[in-house]
Amino acid sequence: MTVWAVEAEGVQKRYGGVAALKGVDLRIPEGAIHGLIGPNGAGKSTMFDILCGITKPTSGRVSVLGMDVAAVPAHQVAQGGVGRTFQRTAIFRDGSVRENLLLASFGRMRHSVLHRILRAGTWREDMAGFESRADAVLDTCGLTALADQPAASLAYGTQRRLAVAIMLMNDPKILFLDEPVAGMNDAETAEFIALVRDIARGRTIVVVEHDMAAIGALCSEVLVMVDGLPVVSDTPERALAHPDVVAAYLGTDDDD
Amino acid sequence: MTDITESAPGPRARGGSASLRGAGLMALGIAAVLAAGFGLDGDPFLLNLAGYTCGFALFALSVNVMLGGLGEVPLGHCMFYGLGAYAPAMTMHHLGLPYEAGVVIGMVVAAALAAPIGWLTLHLTGAYFSIVSWGLSGVAMVTALNLDVTGGPLGLFGFSRLAVGPFDLSQPATYFFVAAAVLLAVLALLYHIRSSRFGRAMEAIRQGPHLARSLGIDVFRERLKALVLSAPIAALAGALSLPYTQIVTPEVMSVLRTVDALLAALIGGVGLIFGPAVGAVIFTILPQFLDLDPNVKVLVFSLLIILVMVAAPGGLHQLWKAAAARLTHARKGDAS
Amino acid sequence: MDLLLQTLINGLILGAGYALVAVGLTVIFGTLHIVNFAHGAFFALGAYATLLLEEAGFPYLLAIPAAVLCVAAIGWALETTIVRRALYDQGEHGSIIVTFALSQAIVAAIILTVGPDPLPVPSPFGQAAVSAGGFFLSAQRLFIAAASVAVLLGFSVWLRRTVKGQQILAVSQNARGALYSGINVPLIRSLSFLLGISAAGLAGALIGPMISAFPTMGDANVIVAFTVVILGGLGSIGGAMLGALVIGLGNALFETYVSVSWTPALGWILVILVLLLRPQGLMGRAQLDRH
């Protein structure tokens with residue numbers, strides 16, 4: 001029997017009088033790399049934010065890792081093992097690459113102010129633990145050589161890898177990637193795809209993306225959304241060949 | 001803007017050496033206090049000024065919890081400073097309570113007031129937060145002007161005994177040592193906060209609230225904690241100003257007070273724990289020695305701040321760091 | 001009843017004066033996305049420039065435009081040396097600190113050059129009062145209202161009818177889009193800053209004769225302007241005008257019927273309430289960065 005990482009039923013979202021989502025069903029099995037695609041204005045970003053707990057749906061049921069993300073505050077969703085990257089790359093701009101990762105390890109820090117003062121020993125142990133975790137993540141993401149570089153000075157594609165590395169520090173069980181390869185050159189994209197395949201072991205990955213080649217290379221299944229409604233859910237090749245999908249992409253101007 | 005290495009020891013400064021460094025800095029601070037205390041011995045004016053400077057440094061640290069910690073500009077923080085000055089003045093004057101009790105009451109009230117204020121206002125960020133904060137201090141100042149218990153526009157003065165336990169603060173040397181001890185204690189507290197979960201959370205929020213939230217940080221709650229932490233420190237600073245000023249008037253809540261603290265924090269560097277304290281010393285002692293007119297002081301320091309923000313948004317220490325880096329770079333260039 | 005009507009008329013006239021300060025603030029916010037905490041200092045500069053020009057022999061009506069030019073020139077100098085470098089596309093708290101420090105520096109400079117004491121700004125309207133239908137209005141207030149309305153109307157028309165005006169509106173609505181459509185965004189931002197502070201200077205020149213010139217005269221006005229601008233929705237010019245009238249009326253009613261000594265707190269209480277309850281403003285253009 002399949003265990004579902006994401007189960008959404010009849011998700012609707014209205015902004016004032018405008019319906020962004022008109023009833024979306026979505027099921028993603030645990031361990032899958034799942035795509036979410038569609039022309040601009042299809043509502044995939046809204047769906048993405050709802051799944052991460054940032055936006056609350058107007059109606060419908062959304063369960064991620066068994067959490068009712070419609071009812072739980074966003075930071076608790078994150079604590080529950082949900083990681084996400086941002087379309088506009090979000091990193092801590094004032095520190096080095098390593099400092100970015102250490103700052104992200106906050107989620108696993110045990111020491112309140114009082115503990116910090118009274119139990120300096122365990123604090124030191126924990127810090128050493130974060131250091132080695134950071135070393136491992138740096139290695140996974142191919143950032144070891146850049147560990148001491150200022151994060152803000154990294155190339156664009158590298159910053160996107162850092163954004164993933166930041167999330168990996170908390171070892172999320174499901175990771176949402178918001179247009180991860182947008183704006184990357186071919187080499188960066190290939191590198192990134194390899195990284196995502198690598199980190200997908202043992203976790204579920206959901207990708208919103210316009211780059212169909214990347215989607216095809218990564219995803220076992222995609223959900224195509226058009227105009228706030230799911231059109232088809234299938235393998236990338238078959239989904240993109242679906243007549244309604246072809247019509248939707250031909251009918252709209254799809255440049256971001 | 002913040003020097004993260006202080007909150008998150010880097011690869012070469014793992015936990016152990018960070019604690020050592022903390023202890024070393026503390027020893028240095030104590031040595032500086034002792035040297036200043038005995039060096040100024042016999043000059044009551046300078047000792048009093050030094051005591052006041054310690055109080056002002058506390059206020060700068062309090063403001064910097066918001067500025068360097070959260071990236072907000074708490075223009076109305078002078079309200080808590082004023083509250084801290086008024087509390088012992090009012091309890092001594094009307095209730096006959098000792099000074100220490102008034103100080104504690106002021107700190108408790110400041111923290112208790114900061115909680116609902118923060119709950120209402122910390123949903124706002126940036127200029128909106130600054131305006132509301134400024135507004136609250138404006139209301140507080142008008143209130144102090146109009147009430148009888150605060151002494152109206154004339155304020156309260158003529159305090160019988162300003163003392164902490166056996167330490168009589170009307171003795172300039174005692175005043176200085178007590179204020180300096182309090183300052184060092186708060187510095188030690190802030191140093192540990194920096195490397196605690198709360199300090200890490202603040203740093204993450206300052207650099208990116210959305211990213212912080214996606215890492216599991218309750219952004220609103222941590223911001224609220226920061227305000228509730230900084231308010232009693234500001235109140236303590238206000239209370240420690242009494243032995244120097246000998247009077248509390250509504251002017252104590254003037255936004256200029258906050259601006260002074262902001263300037264001190266920015267001169268010293270907002271990210272460094274010791275930055276605001278060093279900035280406070282520069283800001284109060286230097287004009288005294290140069291015998292600057294208060295308005296020249298404001299003009300010079302305001303322009304300095306603008307210069308800092310244009311050239312080195314992290315504070316002057318960033319300029320020094322950049323200069324040092326350029327020097328070593330040049331030296332390497334010569335060698336090769 | 002007569003007192004009420006008199007109060008309402010005073011309030012509307014007061015509102016017209018506020019509108020001038022507020023529109024300047026809102027134009028700067030709309031295009032530069034900074035809240036100009038130095039706005040009050042430029043207001044004071046306008047009043048002092050008028051005063052000094054009058055002492056140099058200019059008649060009041062000629063001193064006003066000359067003073068506005070002076071403020072614009074100072075603003076231009078500050079814009080090119082400081083604002084442009086420090087503020088555009090920088091973090092928000094940097095702009096708060098820089099504009100606030102700028103206001104402190106200007107106030108200190110005024111004290112050092114002219115002195116801290118209030119100085120009367122002569123006006124031909126003096127203390128004369130106009131009586132109309134049983135109501136008394138000071139001639140200076142009427143002049144302020146007439147000049148504000150004329151300037152604001154002219155400005156609105158200029159924004160809609162001229163290329164530069166249209167570009168300002170475009171930048172305030174969508175800076176990136178404006179950049180892509182070939183608008184010189186940095187130029188438009190500088191122009192908006194100059195227009196904004198010139199409006200503050202003009203307000204200072206007009207209101208100066210009523211309240212005298214003193215270094216921190218801008219504080220009270222800019223506080224009211226914050227309220228007005230936030231009430232109207234930051235960046236919305238129509239909203240600023242509407243907000244100004246609402247606040248003008250509110251202030252006049254409070255002063256007449258409640259308390260004069262608590263009136264300074266009213267502006268603050270209003271600005272706090274507005275930010276907490278209706279941060280998107282009366283006109284409902286959501287601008288606020290909330291979590």
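Author: A term to begin with: two strands pair if DSSP finds at least two bridges between them. In this predicted model, His34(A) stands opposite Val206(A) of strand S8(A) in such a pairing.

Reader: Which strand pairs with S8(A) there, and in what sense?

Author: Strand S3 of chain A, residues 33–37, pairs with S8(A) in the parallel sense, over four bridges.

Reader: And how many bridges join S7(A) to S8(A)?

Author: Five, and S7(A) and S8(A) run parallel. One of the residues involved is Leu177(A), whose bridge partner in S8(A) is Val207(A).

Reader: What do S7(A), H7(A) and S8(A) make?

Author: A β-α-β unit, and a right-handed one.

Reader: Is S8(A) covered or open?

Author: Mostly covered. S8(A) spans residues 204–208, and five of its five residues are buried. Thr204(A), Val206(A) and Val208(A) point one way from the strand, while Ile205(A) and Val207(A) point the other way; all of them are buried.

Reader: Now the loops. Where is Glu179(A)?

Author: Glu179(A) is in the loop between strand S7 (174–178) and helix H7 (186–199) of chain A. Its phi is positive, about 45°, although it is not a glycine. Most residues other than glycine have a negative phi.

Reader: Is Glu179(A) buried or exposed?

Author: Buried, because 21 other C-beta atoms lie within 10 Å of Glu179(A) and the cut-off for buried is 20 or more.

Reader: What about Asp227(A), what is its phi?

Author: Asp227(A) has a positive phi too, of about 55°, and it is not a glycine. Asp227(A) sits in the loop between strand S9 (221–226) and strand S10 (229–234) of chain A.

Reader: Change of topic. What is in chain B?

Author: Chain B has 14 helices and four strands. Of its 336 residues, 58% are buried. Among the contacts in chain B with a separation of 6 or more, 76% are between residues 24 or more positions apart.

Reader: How many residues of chain C are in contact with chain B?

Author: 36 residues of chain C, and they are in contact with 36 residues of chain B. On the chain C side, helices H3 (60–86), H4 (92–114), H9 (217–232) and H11 (263–277) each supply at least two residues. The largest share comes from H4(C), with 15 residues.

Reader: What kind of residues are on that side of chain C?

Author: The side of chain C that touches chain B divides into 27 nonpolar, five polar and four charged residues.

Reader: How do H6(B) and H11(C) pack?

Author: H6 of chain B, residues 126–146, packs with H11(C) at an angle of about 145°, and the axes are 8 Å apart. The crossing is left-handed.

Reader: Which residues meet there?

Author: From H6(B), they include Tyr128(B), Ile131(B), Gly135(B), Gly138(B) and Val142(B). From H11(C), they include Pro264(C), Trp268(C), Ile272(C) and Leu275(C).

Reader: And how do the residues of that contact divide?

Author: The contact of H6(B) with H11(C) has 13 nonpolar residues, two polar and no charged.

Terms used: Residues numbered from 1 in each chain as written. Chains lettered and ligands numbered in written order. Predicted model: local features only at pLDDT ≥ 70, side-chain atom pairs only at ≥ 80, totals over all residues. Buried ≥ 20, exposed ≤ 12 C-beta atoms within 10 Å, placed from the backbone. Contact = placed C-beta atoms within 7 Å. Nonpolar A, V, L, I, M, F, W, Y, C, P; charged D, E, K, R; others polar. Axes fitted to C-alpha atoms, helices over the stretch in contact; angles between N-to-C directions. Left-handed = near helix turned anticlockwise from the far one by under 90°. Right-handed = clockwise from strand over helix to strand, strands pointing away.
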